[in-house]
Amino acid sequence: MKQQLKQIAEIQNKVRTELSALDWDADCRSYVSAQAIQDSANVLLLQAEGYGVNCTTVEELLLAEQCGFTGQTILFSPDSATAEGFACANRLQAIIHVHEAAQLNFLVENAAVPQTLCFSPGGSTKEQLAQEMFRAHWMGANVFGLHARLSESGEASGFAQELLETANGIRSEVGLFIGFVCLSWTYYV
(Lines give C-alpha, C1' and ligand atoms only; values in the text may rest on other atoms or scores of the structure.)
Protein backbone atom coordinates (compact mmCIF):
# COMPACT_ATOMS: atom_id res chain seq x y z
CA MET A 1 0.00 0.00 0.00
CA LYS A 2 2.83 2.41 0.87
CA GLN A 3 4.45 1.70 -2.53
CA GLN A 4 1.16 2.40 -4.36
CA LEU A 5 0.72 5.73 -2.55
CA LYS A 6 4.28 6.67 -3.47
CA GLN A 7 3.62 5.80 -7.11
CA ILE A 8 0.43 7.88 -7.13
CA ALA A 9 2.29 10.85 -5.64
CA GLU A 10 5.00 10.52 -8.31
CA ILE A 11 2.44 10.43 -11.11
CA GLN A 12 0.58 13.45 -9.69
CA ASN A 13 3.82 15.40 -9.44
CA LYS A 14 4.82 14.53 -13.00
CA VAL A 15 1.38 15.37 -14.39
CA ARG A 16 1.19 18.69 -12.57
CA THR A 17 4.69 19.64 -13.70
CA GLU A 18 3.82 18.90 -17.34
CA LEU A 19 0.51 20.74 -17.17
CA SER A 20 2.23 23.76 -15.60
CA ALA A 21 4.17 24.16 -18.87
CA LEU A 22 0.83 24.98 -20.46
CA ASP A 23 -0.64 27.14 -17.71
CA TRP A 24 -0.65 30.17 -20.00
CA ASP A 25 -3.99 28.78 -21.30
CA ALA A 26 -6.55 28.00 -18.61
CA ASP A 27 -8.66 26.00 -21.08
CA CYS A 28 -5.78 23.76 -22.10
CA ARG A 29 -6.33 20.01 -21.94
CA SER A 30 -3.63 17.45 -22.43
CA TYR A 31 -4.36 13.95 -23.70
CA VAL A 32 -2.58 10.82 -22.55
CA SER A 33 -2.37 7.74 -24.74
CA ALA A 34 -4.92 5.11 -23.71
CA GLN A 35 -2.49 2.33 -24.60
CA ALA A 36 0.04 3.75 -22.18
CA ILE A 37 -2.28 3.51 -19.19
CA GLN A 38 -1.64 0.20 -17.51
CA ASP A 39 -3.68 0.67 -14.34
CA SER A 40 -7.31 1.77 -13.99
CA ALA A 41 -6.47 3.77 -10.84
CA ASN A 42 -4.09 5.85 -12.94
CA VAL A 43 -6.91 6.57 -15.41
CA LEU A 44 -8.99 8.06 -12.61
CA LEU A 45 -6.00 10.04 -11.35
CA LEU A 46 -5.31 11.53 -14.77
CA GLN A 47 -8.98 12.25 -15.32
CA ALA A 48 -9.14 14.09 -11.96
CA GLU A 49 -6.16 16.21 -13.04
CA GLY A 50 -8.05 17.27 -16.18
CA TYR A 51 -6.46 14.99 -18.75
CA GLY A 52 -8.27 13.62 -21.73
CA VAL A 53 -7.51 10.28 -23.32
CA ASN A 54 -6.09 9.68 -26.80
CA CYS A 55 -7.54 6.48 -28.30
CA THR A 56 -6.32 4.68 -31.41
CA THR A 57 -8.74 1.73 -31.57
CA VAL A 58 -12.42 0.94 -31.01
CA GLU A 59 -11.44 -1.05 -27.93
CA GLU A 60 -9.69 1.98 -26.44
CA LEU A 61 -12.72 4.16 -27.23
CA LEU A 62 -14.97 1.73 -25.38
CA LEU A 63 -12.53 1.61 -22.45
CA ALA A 64 -12.49 5.41 -22.31
CA GLU A 65 -16.29 5.42 -22.27
CA GLN A 66 -16.35 2.87 -19.44
CA CYS A 67 -13.91 5.03 -17.46
CA GLY A 68 -16.22 8.04 -17.73
CA PHE A 69 -14.49 10.03 -20.46
CA THR A 70 -16.99 11.76 -22.73
CA GLY A 71 -17.14 14.11 -25.70
CA GLN A 72 -14.10 16.24 -26.20
CA THR A 73 -12.20 14.57 -23.37
CA ILE A 74 -11.71 11.77 -25.92
CA LEU A 75 -9.42 12.20 -28.91
CA PHE A 76 -9.72 9.46 -31.52
CA SER A 77 -6.45 9.30 -33.39
CA PRO A 78 -6.53 6.01 -35.33
CA ASP A 79 -3.36 4.46 -36.72
CA SER A 80 -5.49 2.81 -39.40
CA ALA A 81 -8.93 4.06 -40.32
CA THR A 82 -11.95 1.80 -39.94
CA ALA A 83 -15.61 2.62 -40.47
CA GLU A 84 -16.38 1.04 -37.08
CA GLY A 85 -13.81 3.26 -35.35
CA PHE A 86 -15.12 6.47 -36.89
CA ALA A 87 -18.73 5.48 -36.14
CA CYS A 88 -17.86 4.75 -32.50
CA ALA A 89 -15.98 8.05 -32.17
CA ASN A 90 -18.95 9.91 -33.67
CA ARG A 91 -21.33 8.17 -31.24
CA LEU A 92 -19.15 9.25 -28.30
CA GLN A 93 -18.85 12.76 -29.79
CA ALA A 94 -15.08 12.40 -29.54
CA ILE A 95 -12.72 14.69 -31.36
CA ILE A 96 -11.64 12.85 -34.51
CA HIS A 97 -8.05 13.36 -35.53
CA VAL A 98 -7.14 12.76 -39.16
CA HIS A 99 -3.47 12.27 -39.89
CA GLU A 100 -3.58 12.77 -43.64
CA ALA A 101 -5.81 13.41 -46.63
CA ALA A 102 -6.41 9.65 -47.15
CA GLN A 103 -7.96 9.39 -43.68
CA LEU A 104 -10.21 12.35 -44.38
CA ASN A 105 -11.30 10.67 -47.63
CA PHE A 106 -12.03 7.43 -45.74
CA LEU A 107 -14.02 9.32 -43.10
CA VAL A 108 -16.11 11.03 -45.78
CA GLU A 109 -16.81 7.74 -47.57
CA ASN A 110 -17.52 5.59 -44.48
CA ALA A 111 -18.91 7.74 -41.68
CA ALA A 112 -20.40 11.14 -40.98
CA VAL A 113 -18.03 14.09 -40.89
CA PRO A 114 -18.30 15.48 -37.35
CA GLN A 115 -18.57 19.16 -36.55
CA THR A 116 -15.15 19.07 -34.85
CA LEU A 117 -12.05 17.69 -36.58
CA CYS A 118 -8.42 17.73 -35.61
CA PHE A 119 -5.50 17.72 -38.06
CA SER A 120 -1.77 17.04 -37.79
CA PRO A 121 0.39 19.73 -39.35
CA GLY A 122 3.44 17.45 -39.53
CA GLY A 123 4.66 16.99 -43.08
CA SER A 124 2.18 19.49 -44.53
CA THR A 125 2.65 23.10 -45.43
CA LYS A 126 0.29 25.60 -43.88
CA GLU A 127 -1.36 25.95 -47.30
CA GLN A 128 -1.92 22.18 -47.67
CA LEU A 129 -3.30 21.98 -44.15
CA ALA A 130 -5.67 24.89 -44.81
CA GLN A 131 -6.83 23.23 -48.04
CA GLU A 132 -7.73 19.97 -46.21
CA MET A 133 -9.54 21.91 -43.48
CA PHE A 134 -11.45 23.93 -46.04
CA ARG A 135 -12.49 20.70 -47.81
CA ALA A 136 -13.67 19.24 -44.46
CA HIS A 137 -15.57 22.48 -43.81
CA TRP A 138 -17.56 21.98 -47.01
CA MET A 139 -18.42 18.47 -45.74
CA GLY A 140 -19.83 19.68 -42.44
CA ALA A 141 -16.96 20.37 -40.04
CA ASN A 142 -17.14 23.77 -38.33
CA VAL A 143 -14.44 23.67 -35.64
CA PHE A 144 -10.88 22.63 -36.31
CA GLY A 145 -7.93 21.80 -34.17
CA LEU A 146 -4.26 21.10 -34.65
CA HIS A 147 -2.68 18.07 -32.99
CA ALA A 148 0.84 17.10 -32.05
CA ARG A 149 2.13 14.18 -30.05
CA LEU A 150 4.90 15.09 -27.64
CA SER A 151 7.39 12.66 -26.24
CA GLU A 152 8.18 12.44 -22.54
CA SER A 153 11.07 14.83 -23.08
CA GLY A 154 9.14 17.15 -25.44
CA GLU A 155 9.23 20.89 -24.99
CA ALA A 156 5.54 21.63 -24.69
CA SER A 157 5.33 25.39 -24.43
CA GLY A 158 7.58 26.24 -27.42
CA PHE A 159 5.97 23.70 -29.72
CA ALA A 160 2.49 24.73 -28.62
CA GLN A 161 3.38 28.31 -29.51
CA GLU A 162 4.37 27.19 -33.03
CA LEU A 163 1.04 25.39 -33.41
CA LEU A 164 -0.82 28.48 -32.22
CA GLU A 165 0.99 30.59 -34.80
CA THR A 166 0.01 28.09 -37.53
CA ALA A 167 -3.59 28.15 -36.27
CA ASN A 168 -3.67 31.95 -36.28
CA GLY A 169 -2.23 32.00 -39.80
CA ILE A 170 -4.90 29.63 -41.12
CA ARG A 171 -7.63 31.52 -39.29
CA SER A 172 -6.59 34.89 -40.69
CA GLU A 173 -5.73 33.72 -44.22
CA VAL A 174 -8.61 31.28 -44.87
CA GLY A 175 -11.19 32.31 -42.28
CA LEU A 176 -11.70 28.90 -40.69
CA PHE A 177 -12.29 28.64 -36.95
CA ILE A 178 -9.32 26.96 -35.27
CA GLY A 179 -10.83 26.20 -31.90
CA PHE A 180 -8.01 24.33 -30.19
CA VAL A 181 -4.50 23.01 -30.22
CA CYS A 182 -4.27 19.45 -28.97
CA LEU A 183 -1.11 18.10 -27.37
CA SER A 184 -0.83 14.39 -26.56
CA TRP A 185 1.77 13.17 -24.12
CA THR A 186 3.30 9.77 -24.64
CA TYR A 187 4.53 8.30 -21.41
CA TYR A 188 3.65 5.25 -19.45
CA VAL A 189 1.87 5.39 -16.08
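Q: Is Leu46 buried or exposed?
A: Leu46 is buried, with a relative accessible area of 1%; here buried means under 20% relative accessible area, exposed over 50%, and partly exposed in between, with a 1.4 Å probe and protein chains only. This is a predicted model, in which local features need pLDDT of at least 70 and side-chain atom pairs count only at pLDDT 80 or more, while totals for chains, interfaces and linings use all residues. Residues are numbered from 1 along each chain as its sequence is written, and side-chain values use heavy atoms, with hydrogens and water left out.

Q: Where does Leu46 sit, then?
A: Leu46 belongs to helix H2, residues 40-48, where helices (H or I, at least four residues) and strands (E, at least two) are DSSP runs numbered from the N terminus.

Q: Switching to H5, which residues are buried there?
A: In helix H5, residues 101-110, the buried ones include Gln103, Leu104 and Leu107. The buried residues of H5 fall within an arc of 100° when seen down the axis, so they line one face of the helix; the arc is that of the directions from the helix axis to the C-beta atoms.

Q: And what covers the buried residues of H5?
A: The cover includes helix H4 (83-92), strand S4 (95-98), strand S5 (116-119) and helix H6 (126-138).

Q: What does Thr116 touch?
A: Thr116, which lies in strand S5 and counts as buried at 13% relative accessibility, touches Gln72, Ile95, Ile96, Val143 and Phe180, not counting residues up to four places away in sequence. Contact means heavy atoms within 4.5 Å.

Q: Cysteines next: how many disulfides are there?
A: The count comes to zero, taking a disulfide as a pair of cysteine sulfur atoms within 2.5 Å. Cys88 is in no disulfide, and the nearest cysteine sulfur, that of Cys55, is 8.8 Å away.

Q: Are Cys88 and Cys118 buried or exposed?
A: Cys88 is buried, with a relative accessible area of 9%, and Cys118 also counts as buried, at 0% relative accessibility.

Q: OK, how many salt bridges does the structure hold?
A: There are three salt bridges, each being a side-chain nitrogen of Lys or Arg within 4 Å of a carboxyl oxygen of Asp or Glu. One of them joins the side chains of Arg91 and Glu65 (3.1 Å, N to O). That pair links distant parts of the chain, with Arg91 in helix H4 and Glu65 in helix H3 (residues 58-66), 26 residues apart.

Q: What about Glu173 and Lys126?
A: Their side chains meet in a salt bridge too, at 3.0 Å from N to O. Glu173 lies in helix H7 and Lys126 in helix H6, so the pair ties together parts that are 47 residues apart in sequence. Glu173 counts as exposed at 53% relative accessibility, whereas Lys126 is partly exposed, with a relative accessible area of 30%.

Q: Which residue does Arg135 pair with?
A: Arg135 forms a salt bridge with Glu132, and the closest N and O atoms are 3.1 Å apart. Both residues lie in helix H6, three residues apart, about one turn of the helix.

Q: Last one: which residues form the nonpolar patch on the surface?
A: Phe134, Trp138 and Val174 form the patch, with about 330 Å² of accessible area together. Patches are made of residues with over 30% relative accessible area and no salt bridge, like charges being joined within 9 Å and nonpolar side chains (Val, Leu, Ile, Met, Phe, Trp, Tyr) within 5 Å; the accessible areas come from the Shrake-Rupley method with a 1.4 Å probe, and for residues only the protein chains shown count as cover. Val174 is found in helix H7, residues 156-174, and is partly exposed, with a relative accessible area of 34%.
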